[in-house]
Amino acid sequence: MKKGRDVKFIIYQVLYIFVVCVISIKGADISLEEVINKDVVVEKSFADSLKSFIDSLLALGLVPEIHVDTNKKYTAEDMSKLLAELNQLKVTVQQNPIIRQPDIMKPKEQEPKKDEKQEIKANVQGVELTQYTSTTIRNPYNDNLEILADGKLLANIAPKASAKITIMGESSVTFKVGSASDTKRTKENQVPQISITRVGSGGEDASLRSVQNSVGFRVGIIDDFPQNLDVNFSGPVTTKQVGPTTFDVTLNLLGSQQAFDSWTKGKDSPYRVSFTVHVKDRLNPKHDLRQAGTFIFGKW
């Protein structure tokens with residue numbers, strides 16, 4: 001019968017210490033009093049149970065180190081020391097809310113899975129988009145690159161491939177890869193300029209023969225996209241292209257004195273003959289301009 005009472009005592013005592021620890025962790029204000037008869041010796045199994053419980057708290061990082069020797073039998077005095085350490089644990093827990101409610105005891109919030117395509121910034125580098133121009137675009141991604149303007153699909157470029165797109169008057173262009181997209185503003189296409197410079201002889205004292213024997217004018221076309229321009233000359237002239245956007249213009253009006261006399265009959269000197277430069281943008285109908293140059297001479 002006595003042995004049964006000892007077993008019950010040990011069970012109650014373990015439960016008591018367990019409750020003490022739980023209440024301490026939750027920060028309750030309790031006082032610990034000696035509940036063991038000083039003459040009673042606690043069995044080793046109790047120490048094992050206590051050590052196992054404390055070890056579990058240590059593994060979670062919730063308690064400072066408490067030493068429990070399972071190879072000795074604990075008396076009431078030993079239990080008082082252990083209870084004092086547990087009481088100190090209660091104070092430590094109450095003073096440190098982080099320990100009282102450690103992150104390890106909280107369920108981790110599940111991080112939303114990142115959509116790899118959302119991390120793609122469909123930003124095609126090194127491309128400056130200008131209205132009324134054609135541009136070659138390379139797709140650097142591993143998915144198709146869609147290029148849209150005003151809701152219209154301009155191109156659908158396969159991975160690592162290139163395609164030529166033509167932009168008209170759109171104010172912006174959108175690059176789209178999967179569900180990721182990037183919109184770029186387009187630059188305004190500047191109006192071309194025509195420069196006409198006199199380089200040969202001319203004037204009221206100049207002869208038609210000298211004027212026709214040398215280049216009279218040099219014409220330059222100033223534009224960022226001259227490949228989109230059509231350049232035409234009208235008038236009694238011959239032209240020679242001496243650069244991508246540069247032309248030499250020579251008068252080719254009359255071939256003889258007799259033709260000169262017939263042509264100048266009824267006209268006053270100095271005589272003037274004009275030519276016209278016509279520049280037209282094939283993509284931009286608004287860019288259509290003309291400019292004239294004039295040869296002057298006073299005799300054959």
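**View 1. The largest nonpolar core of the predicted model has 23 residues.** A nonpolar core is a set of buried Ala, Val, Leu, Ile, Met, Phe, Trp, Tyr and Cys residues joined through side-chain atoms within 4.5 Å. Buried means under 20% relative accessible area, exposed over 50%, and partly exposed in between (1.4 Å probe, protein chains only). Val219, Ile221, Leu251, Phe275, Phe295 and Phe297 have the most contacts inside this core. At least two of its residues come from each of helix 5 (208-212), strand 8 (217-222), strand 11 (246-251), strand 12 (271-281) and strand 13 (288-297). Strand 12 gives the largest share, five residues. Helices (H or I, at least four residues) and strands (E, at least two) are DSSP runs, numbered from the N terminus. This is a predicted model, in which local features need pLDDT of at least 70 and side-chain atom pairs count only at pLDDT 80 or more, while totals for chains, interfaces and linings use all residues. Residues are numbered from 1 along each chain as its sequence is written, and side-chain values use heavy atoms, with hydrogens and water left out.

**View 2. Leu251 and its contacts.** Not counting residues up to four places away in sequence, Leu251 touches Leu208, Val211, Gln212, Pro236, Val237, Val273, Phe295 and Phe297. Contact means heavy atoms within 4.5 Å. A second, separate core has 14 residues, among them Val127, Leu129, Ile167 and Val177.

**View 3. An open sheet of four strands in the order 3-2-5-6.** The pairing is antiparallel; two strands pair if DSSP finds at least two bridges between them. Strand 3 (152-157) and strand 6 (180-185) are at the edges with a single partner strand each, so one side of each has no neighbour in the sheet. Strand 5 (residues 172-177) is joined to strand 6 by six bridges, and Val177 stands opposite Ala180 in strand 6.

**View 4. Thr174 in strand 5.** Thr174 counts as partly exposed because its relative accessibility is 23%. Its side chain makes a polar contact of 3.0 Å with the side chain of Thr183. A polar contact is a pair of N or O atoms within 3.5 Å; within protein, one must be able to donate a hydrogen and the other to accept it, and residues adjacent in sequence count only if both atoms are side-chain atoms. Thr174 and Ile147 are 27 residues apart in sequence and 5.7 Å apart in space, C-alpha to C-alpha.

**View 5. Thr186 in the loop between strand 6 and strand 7 (193-198).** Thr186 counts as buried, at 11% relative accessibility. The side chains of Thr186 and Gln131 are joined by a polar contact of 3.5 Å.
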